[in-house]
Amino acid sequence: MLSSRGIKKAELPKTPWRYAPPHTYNKQSNPAGLISFGMAEHIPMRAEIAKYINNKVTFTEDSVGYGSSSSAPNRLPNAVAVHLNNILQPRSPVDPDTVIVASGITAIGSMLGFTLAEPGDGILVSRPVYGRFELDYGVEADVQIVYADTDPEEAFTPAVVEKYEAALQRAEDEGTTIRAVLIVNPHNPVGRCYPAETLKAILRFCNRHSLHLISDEVYASCVFDSGDPSAVPFTSVLSIATPELIDPDLVHLLYGFSKDFAAGGLHLGFLITQNTALRQACKAILRLHNASTASITIGTTILEDQEFITQFTQRARQSLASTYRLATTTFDHEGVNYVKGGNAGFFIYVDLSPYLPYPGRPVREREFALAQRFLDAGVFLHPGEEHGVEAGGLGLCLRMRRRF
């Protein structure tokens, strides 16, 4: 027999298209395998980061112990602070004391849901957005994601605040307390960066309603030259957040190794917050989400080698730019619509609505049917239901995984 919570969670894997099947295609060893675009990884850079780890990281007894006698757990927050000060250009330098190290951003999302909200409370997110936030903040903390539906253009303008206001009011009318706003910058799945003016408007909105702002900046260095002069450069929320715009205790930044370093398997993520009470609460439950000492050893070595990071980031951006231009050139040639202005992350937000089968049926049913046709043909793409608005014109989200 399961608890009521266990019974509820056991139903989650049954949600259609919720979990992505693994990528099994290999040109040489498994040409009939599945090409899966369901995992946001920069596959071409994995070999390089693995080579660096093999050649440069020295493991000691402390690397497989609890870590209490090792210097790496103390060195890592310092290295994180140096790295983030380099790439985020914060108004006030990141202090190592404000860094919480955990087993990835997914774990930090769960910790934030637990510490910032009560069960049943909501976190406000504009949509389209990364659909797995519902799991990150909901599986353990039972916090719900409340959507402010926007189109991909509107979401990056100050006008998004009007949609936040409407969603906040609607949630309150329905008895749901909103505790925070969550943004992804650079954005998943649209592949754009937020303009500074939009970030300022969001900060003012959060301050006005005493809402926490969670800024997921895990793609901070995955910004590239897409060839589009109108593409917006990356601006970190820490580079513009001032006490005049928002109470510093309300701003929390997420960062990790999964995207910028093509190393999601390290399960190494960081929460940066000036909120002392939040840090103390997170430390109390960190025993459930601690990063391994082996990962800490690897992460410390990498982040203390800024020369390697500079070279690695340059090559990663070249790879992303090449892949993006190849994909968008193909879409342009074939007449496939997609959201323009992308210059970050591993995403192209594709409009496949003209290809939806079974006219007259509900949109979601048609999206699922098209996704199934792709899957039957050996390609997995997430249906738009987890990213887009309920009425949804944007059918599927393509995640740039590799060049074939």
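In this predicted model, R325 and D225 form a salt bridge, with the closest N and O atoms 3.5 Å apart.

The domain assignment divides the chain in two. Domain 1 consists of residues 4–47 together with 308–397, and domain 2 covers 62–306. The C-alpha centres of the two domains are 23 Å apart. Their contact involves 40 residues from domain 1 and 44 residues from domain 2.

How much area is buried between domain 1 and domain 2? The value is about 3500 Å², and carbon and sulfur atoms account for 55% of this area. On the side of domain 1, three residues deserve mention: I309, N343 and F347 contribute 19% of the area that this domain buries against domain 2, more than any other three residues.

Two salt bridges are found across the boundary between domain 1 and domain 2.

Which elements give two or more residues to the side of domain 1 that touches domain 2? They are helix α1 (4–10), helix α10 (306–334) and strand β10 (347–351). Of these, α10 gives the most, with 10 residues. Sorted by class, the side of domain 1 that touches domain 2 comprises 21 nonpolar, 10 polar and nine charged residues.

I now move to the chain as a whole. The secondary structure amounts to 11 helices and 13 strands. The C-alpha trace extends about 65 × 55 × 55 Å along its principal axes. The radius of gyration is 21 Å, which agrees with the value near 22 Å that a compact globule of 404 residues would have.

Over the whole structure, the search finds 13 salt bridges. One that I would like to show you joins the side chains of D121 and R179, at 2.7 Å from N to O. D121 sits in the loop between α4 (105–116) and β3 (122–127), while R179 belongs to strand β5 (residues 178–184); the pair therefore ties together parts that are 58 residues apart in sequence.

Finally, I come to the backbone. Where are the cis peptide bonds that I wish to point out? One joins R127 and P128, with omega of about 20°. P128 is located in the loop between β3 and α5 (133–136). Another runs from N188 to P189, again with omega near 20°, and P189 is placed in the loop between β5 and α7 (196–208).

Q89 has a phi near 50°, which is a positive value in a residue other than glycine. Q89 is found in the loop between α3 (72–88) and β2 (99–102).

Thank you for your attention.

Note on methods:
Residues are numbered from 1 along each chain as its sequence is written. This is a predicted model: local features need pLDDT of at least 70, side-chain atom pairs count only at pLDDT 80 or more; totals for chains, interfaces and linings use all residues. Side-chain values use heavy atoms; hydrogens and water are left out. Domain bounds come from an automatic or database domain assignment. Contact means heavy atoms within 4.5 Å. Buried area is the accessible area (1.4 Å probe) that two parts lose on being put together, summed over both. A salt bridge is a side-chain nitrogen of Lys or Arg within 4 Å of a carboxyl oxygen of Asp or Glu. Helices (H or I, at least four residues) and strands (E, at least two) are DSSP runs, numbered from the N terminus. Ala, Val, Leu, Ile, Met, Phe, Trp, Tyr, Cys and Pro count as nonpolar, Asp, Glu, Lys and Arg as charged, and the others, Gly among them, as polar. The radius of gyration is taken over C-alpha atoms; the globule rule is 2.2 Å times the number of residues to the power 0.38.
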